[in-house]
Amino acid sequence: MDVVLAIAVGGLYAAGLYMMMRRSIVKLIIGLGLLSHASNLLIFTMGRLIRGRPPLIAPGAEALAEPYADPLPQALILTAIVIGFGVQAFAVVLIKRVYEIVGTDDLDQMKRTDEL
Amino acid sequence: MNLILGLVLTFLLAALAPRLHALLKETSGWVFAMWPLAWTIVIGSLAQQVIEGDSVYIRYPWMSQLGVNLSLYVDGLSLLFALLISGIGALVLIYSGSYLKRHRYLGRFYLFILLFMGSMLGLVLSGNLISMFVFWELTSLSSYFLIGFDHEREEARRAALQAMVVTGMGGLALLAGLLLLGQAGGTLEIAALLKQGETLRTSPHYLPALALIVIGAFTKSAQVPFHFWLPNAMEAPTPVSAYLHSATMVKAGIYLLARLSPVLGGTAAWQLMVAGGGLVTMVLGAIMALGPSDLKRILAYSTVSTLGTLTFLIGLGTPLAAKAAMALLLAHAMYKGALFLVAGAVDHEIGIRDVRRLGGLGQFMPVTATAAGMAALSMAGLPPSIGFISKELLYEAQLHALHSPTLLAGTGVLASGLLVAVAGIVGLRPFFGHPIHRKRHLHEPPLSLWLGPLLLGGAGIALAIVPEIAASPLISTAVSAVLGKPTVVELRLWHGPNPSLALSALTVIAGAGFYAAQPFLLDIAARAHLKEWMARWGPQRGYERMLQGLNALATAQTRLLQSGFLRFYLMIIVLTTIALVGSTIIIPEPLSRWLSRIVDARPYELIIVVLMGVATLMAVLTSSRLAAVAALGIVGYGVALLYMLFGAPDLAMTQFAVETLTVILLVLVVYRLPRFTRLSGRSARLRDTALALAAGGMMTALMLMVLSAPLKSRLAPFFAANSLTLAKGRNVVNVILVDFRALDTLGEITVLAVAAIGVYALLKLRTE
């Protein structure tokens with residue numbers, strides 16, 4: 001399954017980068033979203049996949065019993081998801097404002113600051 | 001330890017100098033001079049100990065693991081240099097206070113020159129290669145400020161930059177050389193390195209280290225072909241020229257070579273590079289000194305020549321040569337300091353530095369003329385001056401050289417003869433003969449302007465008449481340090497009739513001849529278009545070409561990289577990543593083995609991945625904004641499902657919540673933006689597709705490479721074992737977030753808060 005996910009991550013990266021290289025600012029945001037999914041999934045897969053064994057200590061036990069899913073990548077990803085959301089929200093509002101002021105969604109029209 | 005404190009205090013005084021000057025006003029030069037004077041006394045008090053053969057070694061740990069310490073090592077060589085730096089420094093400070101009296105930035109000047117003095121003292125007292133290098137660079141930096149002191153003039157700025165670039169590049173070479181030396185010797189402490197010359201000279205690092213260090217020393221000490229910055233540096237105020245470019249800065253390279261000669265010296269490569277380079281500089285510098293008519297430029301070229309002689313002598317490396325080098329060092333510091341200060345005094349009184357327009361000043365300023373006369377005597381190498389003794393020693397060293405003594409002595413006579421002529425031009429011509437100037441109110445400059453030259457010029461004579469008081473012991477211990485073994489030197493004015501004396505006589509005759517023939521020689525040079533030829537092919541031109549090339553390169557690469565288009569920046573980043581990461585990817589297992597790991601996937605897992613793939617394609621290809629947002633949402637939910645299946649319920653819950661919010665937000669905003677239109681052409685889309693696929697492929701390959709190696713996490717077992725016992729939590733992921741890595745989470749919350757403030761501000765912002 002990890003190989004399948006490796007291919008999926010590659011596909012997400014390709015799609016995300018392609019979208020980020022478009023001239024439309026909305027596509028840029030969508031590309032950014034795809035890219036952050038790809039990165040999270042990459043970290044997740046790198047921590048190795050274990051089916052159905054969340055890192056929860058069973059009642060009565062003192063420690064996690066093998067096998068268990070690696071908790072560290074999960075902690076990293078949890079942070080990344082939340083931060084990614086913050087970035088996404090900020091970017092979305094920013095492009096809204098940019099569009100209101102500049103009147104275009106074409107990044108090529110936003111090359112110079114002094115023309116505003 | 002007191003010496004380290006002294007260095008620190010010097011820099012502190014430099015920092016406070018502008019304020020102090022504002023308080024002291026007129027007397028500031030005299031007051032500031034007390035500090036180097038105190039240094040002279042402190043160093044002088046060490047002299048007895050050092051002369052008796054007991055060097056001072058202080059270590060203050062800095063980065064001891066790397067072998068870098070702030071060590072001080074005072075032996076005879078450091079002692080001689082430190083005395084010159086602090087002694088002449090005191091005179092120069094007195095002089096500057098008067099010379100720049102009404103200058104707006106005199107306070108700043110004190111800052112720079114004290115900074116320079118501290119760096120120079122640090123350089124010669126350092127006992128560690130790295131701390132020495134730090135001080136070395138500090139002298140480059142502070143001399144940049146000093147040369148460019150009159151920063152409103154373009155020439156001054158250009159000269160300062162030139163000095164900085166040339167010595168800075170040499171400094172880089174020096175650093176590499178010093179590190180190689182440290183590698184070869186296993187230590188960066190100079191005292192320890194000095195004891196292992198034998199092993200170092202046979203090390204494979206020897207040749208590269210030597211070449212790099214020699215480049216560093218040659219740029220600093222203005223050896224051909226790096227000499228051109230020194231005459232240009234005459235843009236500096238005259239006391240600076242006197243200090244930096246006769247007694248200190250340019251001597252740093254000489255110090256370095258002398259310091260390392262017990263370690264690096266004596267080999268054929270050393271003699272070829274150091275002695276050869278020095279010999280060429282000696283002759284060319286002396287010839288070039290006849291050319292200019294500006295007093296300071298003449299002196300600058302003669303300095304180049306003397307630096308060449310010093311380098312040559314250190315390169316020769318015989319006991320006689322070391323003796324001659326140290327005597328010449330002392331003599332040169334005295335007479336060149338004096339002559340520069342005299343030139344400044346003349347300039348200060350009359351405002352002219354052109355020797356063709358100066359004459360007969362002696363009757364107006366007899367004291368200055370006396371100082372100039374004594375210094376010129378020493379420069380010309382006439383008795384009874386220390387310059388005479390050092391020139392005799394030079395001839396002796398040349399006559400006793402192992403290879404071609406006749407040729408060496410011949411070039412020695414040529415260069416010294418030229419310097420005799422130069423001494424006449426700068427030391428005698430302005431003061432004797434018919435007064436050219438008819439200015440009525442010509443008079444002697446004030447005490448502070450003639451004290452320095454008179455003392456230095458007088459010292460040049462006194463040291464020679466009674467050498468046993470100061471000159472002999474100082475030079476003996478310096479020579480001992482250069483040779484690495486105790487040596488006793490007895491300087492004498494009168495050696496009796498010997499070949500050196502005959503050569504001296506020849507020199508004076510040649511000098512008189514050059515002096516008389518100078519106009520004629522200049523005429524020949526002008527007819528041969530020598531100046532034009534130098535401007536076209538000289539090293540200065542090479543320097544300019546290099547700067548132009550650098551600028552052109554910078555412009556070209558900025559044009560290439562800074563296009564102003566976001567997607568080109570992205571492309572450069574992606575391409576660089578592909579090149580750097582992609583080139584390291586090796587997949588150790590055959591591809592067929594991967595197949596089994598695809599087949600082990602459960603059907604429902606595959607369905608999720610396929611759905612995500614379709615949604616991704618849709619997000620890329622659709623022309624509807626809402627469809628793209630929805631597709632992005634599907635991908636996100638797919639990811640969340642995968643989290644759930646592979647033991648990450650926390651991630652799944654968060655992902656579901658965040659994805660829902662994102663989709664809502666996007667829908668709300670995107671709806672107000674224009675519809676997708678096709679903006680880029682077909683070829684651009686194809687190019688981007690290829691690049692994106694390459695990047696994606698690389699990421700897949702990278703993951704496969706990592707996955708083929710087993711993961712041995714030491715962190716996971718730690719968290720598994722300690723989560724409950726240490727942090728009282730059963731959900732290990734949560735424990736990591738709020739306990740083990742709680743600070744990260746705090747940072748994350750801060751980021752979110754900042755983003756929220758940003759969003760709020762953007763929404764509330766009113767556009768006019």
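A crossing is left-handed if the near helix is turned anticlockwise from the far one by less than a right angle, and right-handed if clockwise. The exercises below use a predicted model, in which local features need pLDDT of at least 70 and side-chain atom pairs count only at pLDDT 80 or more, while totals for chains, interfaces and linings use all residues. Residues are numbered from 1 along each chain as its sequence is written, and chains are lettered from A and ligands numbered from 1 in the order in which they are written.

**Exercise 1. Describe how helix α1 (residues 2–20) of chain A packs against helix α2 (residues 25–46) of chain A.**

Step 1. Helices (H or I, at least four residues) are DSSP runs, as are strands (E, at least two), and both are numbered from the N terminus. Axes are lines fitted to C-alpha atoms, for helices over the stretch in contact, with angles from 0 to 180 degrees between N-to-C directions.

Step 2. The axes of α1(A) and α2(A) are 7 Å apart and the angle is about 155°, which makes α1(A) roughly antiparallel to α2(A). The classes are roughly parallel for angles under 35 degrees, roughly antiparallel over 145, roughly perpendicular from 65 to 115, and oblique for the rest.

Step 3. The crossing of α1(A) past α2(A) is left-handed.

Step 4. Two residues are in contact if their C-beta atoms, placed from the backbone, lie within 7 Å. Among the residues of α1(A) that meet α2(A) are Leu5(A), Val9(A) and Leu12(A), and those on α2(A) include Leu28(A), Leu35(A) and Leu42(A).

Step 5. The contact residues divide into 18 nonpolar, four polar and two charged, where Ala, Val, Leu, Ile, Met, Phe, Trp, Tyr, Cys and Pro count as nonpolar, Asp, Glu, Lys and Arg as charged, and the others, Gly among them, as polar.

**Exercise 2. Find the orientation of α9(B) and helix α13 (residues 268–289) of chain B, and the residues that join them.**

Step 1. With an angle of about 10° and axes 11 Å apart, α9(B) is roughly parallel to α13(B).

Step 2. From α9(B) the contact uses Leu207(B), Leu210(B), Val214(B) and Phe218(B), and from α13(B) it uses Ala269(B), Trp270(B), Met273(B), Val274(B) and Gly277(B).

Step 3. Eight of these residues are nonpolar, one is polar and none is charged.

**Exercise 3. Describe the contact between chain A and chain B, and state the confidence of the model.**

Step 1. Chain B supplies 89 residues and chain A 77 residues. Helix α29 (residues 682–707) of chain B gives the most to the side of chain B that touches chain A, with 13 residues.

Step 2. That side of chain B has 58 nonpolar, 19 polar and twelve charged residues.

Step 3. The model scores ipTM 0.94 and pTM 0.77. Chain B averages a pLDDT of 89, and chain A has a mean of 88, pLDDT being the predictor's confidence in each residue, from 0 to 100.
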